[in-house]
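Hello,

Here is the structure I promised to pass on. Please look it over first; my notes on it follow below.

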Amino acid sequence: MHCVLDVRGGPSRRVGPSGVLIGRQSDCDIVASDPSVSRRHALVRLTGDGAEVVPLGRSPIDVNGAPATRPRTLAHGDELRLPGLTLAVAITIPRPDLASRAGFALERAGASFGIAHTPFVIGGGDSDDLIVKRWPARVLSLHLAQRELFALLHAGAATRNGEPLEVDVLSELAVGDALACRGESFVVRAVGDAAATTALGSGDLPARVAIEMLPRGGRVVFSIGAVERAVYLADRRFDLVVALARPPGGHRPGEFVSDDALRAVVWPRRPSVSRQEINMLISRCRRDLVEAGLAGPHLIERAPGGGGTRLALAPGAEIVMKA
């Protein structure tokens with residue numbers, strides 16, 4: 001999708017992978033001069049489902065005449081207002097090129113359905129990408145990230161090669177996997193240059209990670225080859241990535257950090273946080289990365305058997321902290 005912020009009576013600013021930061025501070029992408037605007041007032045970013053505005057300042061941002069204090073999904077024609085500045089939201093969603101060669105396809109009873117864009121939603125809703133009659137809307141979604149394929153079960157029960165999928169937890173899919181749900185069965189097939197394995201090489205790992213602290217979280221930009229991918233992470237998800245990128249206790253970036261060390265940084269006032277809570281935070285952070293086009297389950301890696309976590313990096317990767 002393409003999202004543009006039109007400044008009333010002025011130029012436009014495209015919302016790119018790193019989002020558009022709005023505020024009074026001079027290094028913001030759109031600078032507001034009114035002194036009542038916070039230094040970093042709001043972030044407009046792309047998500048897996050569209051675009052959203054994330055309020056960051058002490059005061060809310062006005063969306064269509066109503067104050068917003070929490071992240072809010074944006075639609076074409078919405079209007080963002082803050083003192084002295086009005087921005088019109090323009091969103092266009094190009095039709096997928098169905099003739100293009102997708103990396104993966106789902107095969108069922110002799111028919112094949114190419115996964116040409118992400119997320120690829122399966123369900124019974126009129127707007128779902130693959131519509132299965134008698135299914136509820138949006139049962140499963142498939143996500144492409146770094147030439148890998150991930151499944152996310154939103155409701156009900158489904159299996160991968162006979163093993164149950166957890167609701168709201170990303171599951172990696174490989175070529176040849178059987179995905180079964182609500183009496184239907186699909187097999188994952190490769191199309192074109194899709195890899196038959198889910199292993200990422202060092203060229204697929206970040207050579208540079210730039211971290212920018214923001215109110216209520218932060219923005220992280222991963223440089224992989226010639227491509228940059230940015231993601232906004234809220235609160236503890238951001239704290240987790242910072243702890244893995246600049247690990248405590250003498251650990252080096254890219255090494256596994258023990259759960260105890262993570263607890264001390266991410267939950268300084270709750271040293272008794274359970275492993276289940278740690279796993280849940282990791283799962284949510286991985287989802288944010290996948291929505292940004294990054295192979296989250298590969299980048300945030302749990303040690304075999306649990307007990308440790310690392311941020312997978314290319315050899316000699318550079319970690320940059322922005323003020």
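**Notes on the model**

Strand 17 (residues 148-153) pairs with strand 20 in the antiparallel sense, over three bridges. Within that pairing, alanine 151 stands opposite serine 171 in strand 20. Please keep in mind that this is a predicted model.

Both strands belong to an open sheet of five strands, ordered 15-14-16-17-20. The pairing in this sheet is mixed. Strand 15 (130-131) and strand 20 (171-173) stand at the edges with a single partner strand each, so one side of each has no neighbour in the sheet.

**Overall**

The protein chain has four helices and 29 strands. Its C-alpha atoms fill a box of roughly 60 × 50 × 35 Å, taken along the principal axes. The radius of gyration is 21 Å. That agrees with a compact globule, because one of 323 residues would have a value near 20 Å.

Strand 1 (residues 2-7) runs antiparallel to strand 11 (residues 85-92), and six bridges join them. Valine 7 stands opposite leucine 87 in strand 11.

Strand 11 also pairs with strand 10 (residues 79-82), again antiparallel, over four bridges. Here arginine 81 stands opposite threonine 86. Strands 10 and 11 form a hairpin with two residues between them. Glycine 84 sits in the turn and has a positive phi of about 80°.

Strand 28 (residues 308-311) has an antiparallel partner in strand 26 (residues 257-258), with two bridges joining them. Serine 258 has glycine 308 of strand 28 as its bridge partner.

Strand 27 (residues 300-302) also pairs with strand 28 in the antiparallel sense, over three bridges. Strands 27 and 28 make a hairpin with five residues between the strands. Glycine 305 in this hairpin takes a positive phi near 85°.

What lies over the face of phenylalanine 256? Arginine 310 does, at 5.4 Å from the ring centre. As for aromatic pairs, the structure holds zero.

**The largest pocket**

The largest pocket has a volume of about 1200 Å³. It is lined by 42 residues. Met1, Thr47, Gly48, Thr118 and Pro119 lie nearest its centre.

Several elements each supply at least two residues of this lining: strand 5 (42-47), strand 16 (140-145), strand 24 (217-224), strand 25 (227-234) and helix 3. Which of the elements gives the largest share of the lining of the largest pocket? Strand 25 does, with five residues. By class, the lining of the largest pocket divides into 19 nonpolar, 11 polar and 12 charged residues.

**The second largest pocket**

The second largest pocket holds about 530 Å³ of space. Of its 19 lining residues, Glu166, Val169, Leu170, Ser283 and Arg286 are the closest to its centre.

Strand 20, the edge strand described above, supplies at least two residues of this lining, as does helix 3. Helix 3 gives the most, with eight residues. The lining of the second largest pocket has seven nonpolar, four polar and eight charged residues.

**The cavity**

How many cavities of 30 Å³ or more does the structure hold? One.

The largest share of the cavity lining comes from helix 3 (residues 275-291), which gives three residues. By class, the cavity lining has three nonpolar, one polar and two charged residues.

**Where to look first**

I would start with helix 3. Helix 3 supplies at least two residues of the lining of the largest pocket. Helix 3 also gives the most to the lining of the second largest pocket. In the cavity lining, the largest share again comes from helix 3.

Best wishes

Key:
Residues are numbered from 1 along each chain as its sequence is written. This is a predicted model: local features need pLDDT of at least 70, side-chain atom pairs count only at pLDDT 80 or more; totals for chains, interfaces and linings use all residues. Side-chain values use heavy atoms; hydrogens and water are left out. Two strands pair if DSSP finds at least two bridges between them. On a 1 Å grid over the protein atoms alone, a cavity is a set of points where a 1.4 Å probe fits but cannot get out, and a pocket is an open set with protein on both sides within 12 Å along at least five of seven lines; lining residues have an atom within 4 Å of a point. Grid points are joined across faces, edges and corners, and a volume is the space filled by probe spheres set on the points. Ala, Val, Leu, Ile, Met, Phe, Trp, Tyr, Cys and Pro count as nonpolar, Asp, Glu, Lys and Arg as charged, and the others, Gly among them, as polar. Rings of Phe, Tyr and Trp (its six-membered ring) pair if their centres lie within 6.5 Å; planes under 30 degrees apart count as stacked, over 60 as edge-to-face and the rest as tilted. A charge sits over a ring if NZ of Lys or CZ of Arg is within 6 Å of the ring centre and within 35 degrees of the ring normal. The radius of gyration is taken over C-alpha atoms; the globule rule is 2.2 Å times the number of residues to the power 0.38.
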